[in-house]
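Welcome! Let us walk through this structure together, one stop at a time.

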Amino acid sequence: MRIAMEIELKDIPGQLLGALGPIADLGGNIISIAHQRDRRTPRGTIPIKITIELPEKHLDELIARWHERGITVMQKGEERLKESVFLILIGHIVHTDLKSTIDAVDSTGFAEVVDLTLMMPGIDEESSAGITIKATGKKEMERAIEILEQEAKKKGLLMIKPLEGF
Amino acid sequence: MEQVKIIIVGFGTVGRGLAEVIKRKKDHVKEELGLDIRLVGVADLRGAMVDADGLDIDDALEWKCEIRDIDSLQLIREGEYDLMVETTPSNVETGEPAFTHIKEALMRGKHVVTSNKGPLALYYRELTDLAARSGCSLKFEATVGGAMPIINLIRNNLAGNRILSIKGIFNGTCNYILTRMTEEGLPYSYVLSEAQSLGIAEADPSYDVDGIDTAEKLTILANAVLGMDVAYNSVAVEGIRRITPDALRLALDKGYVIKLIGEAREGKIEVAPRLIPKDHPFALMRGTLNIAEIEADLAGPITVMGRGAGAIEAASAIFSDIISIYR
């Protein structure tokens, strides 16, 4: 799981190291870190923006270990759906129950349709849709695309996939 | 000076293109390579023209040589020649008449060079086994990608590599139609008519637009250079008929174009329209150009492009195949 956080450190030596140590100890990986030494919060602490990759089950433990060292987590926003793929569907998209097509992906729990643009030229003509799917990981994305592909096949829709990866 | 007596069976666009090329390059090949290439026979449905010393190519192109009342099979069975070039119209269902022509020539110990996809897409193993047993060469660079070198490139220049995958644009007609639809926002049926009037698409376009041609080429590549044993009818094929201008616009808004892609690797052989990032080399192929990306275990990715169709382009591939047999 990828998590973006803002934490606050006291302005004493060794604090940054103390904040990063537990991440590595818990098998995490630092994706980015922004540290502005000259910025201060009204509380006199130094704010740090940090994005890490960490198994979800270790997140509470990390926050607890930070707490022991006097480090506070001010904001926490997870980037749960980090994989994104754009696809095209062509066919009678609305009349083959668009809602159930989207549900096939959304009901997986690991992938979601986050954007859909539909163009309908005329009643008897086939529609086109651009669909963006997000998923929790690469494997989950492959699985979500397989599910959508089966759904499209069942409904006589043509699905156009990207060149790379599938 | 080594003499090479050639017959051409099927004297249509490609066969005639080869006759032109032989005429144009004959002296050059004599001087540079010591090969005396002679066209000693031509046959198609109209009959046959034969001259053991070599036909006058200008006369042959206008059917002005003496026309004998013998058919192609007779010429193949009874003619005096070293190498047959098979350029009859391709048939994807039976591979005939080329399949029989090629077998008859190989059984008689003659080398064969062909641009005919049908027999190779349907009976690849049978034909290559027969060639090996007869100790003859069977060459078919012209079946895939016209003038774009790919089979010989992999066999000669990438020898020792294992080829992991090949993907690319192998049909100029589809690429022309999709390019025009994307750039002009025109519907499929309109651009198809335009392509037909320009001679880029056939009156019956299904062979190209339904992906059959791409599937045949992919089958030949899978067998010839990927070490797979697949028949044409095991390829999953989707053509371009259903592509809408709306779909192309939606793709473009997200930074993609749509191209008909053939892709072969172990466990997968598929022809389908795919979304290609706008800055990918495949996206830059406009009009009737072909392109292929080869993934090799030692060399990594290699990309080739070239003219995928045309009489002289196909003849170029055939001519190179002929020379390579004797060099």
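Where is Leu275(B) found? Leu275(B) sits in strand β11 (residues 268–277) of chain B; helices (H or I, at least four residues) and strands (E, at least two) are DSSP runs, numbered from the N terminus. This is a predicted model, in which local features need pLDDT of at least 70 and side-chain atom pairs count only at pLDDT 80 or more, while totals for chains, interfaces and linings use all residues. Residues are numbered from 1 along each chain as its sequence is written, chains are lettered from A and ligands numbered from 1 in the order in which they are written, and side-chain values use heavy atoms, with hydrogens and water left out.

Leu275(B) counts as buried because its relative accessibility is 0% (buried means under 20% relative accessible area, exposed over 50%, partly exposed in between, with a 1.4 Å probe and protein chains only). Leaving aside neighbours within four places in sequence, its contacts (heavy atoms within 4.5 Å) include Phe86(A), Ile160(A) and Tyr256(B).

Now turn to helix α2 (residues 59–68) of chain A, where Leu59(A), Leu62(A) and Trp66(A) are buried. Seen down the axis of α2(A), its buried residues fall within an arc of 60°, so they line one face of the helix; the arc is that of the directions from the helix axis to the C-beta atoms. The face turned away from that buried side carries the exposed residues Asp60(A), His67(A) and Glu68(A).

Finally, visit Lys117(B), in helix α5 (residues 117–134) of chain B. Lys117(B) counts as buried, at 12% relative accessibility. Among its contacts, leaving aside neighbours within four places in sequence, are Ser90(B), Tyr207(B) and Asp213(B).
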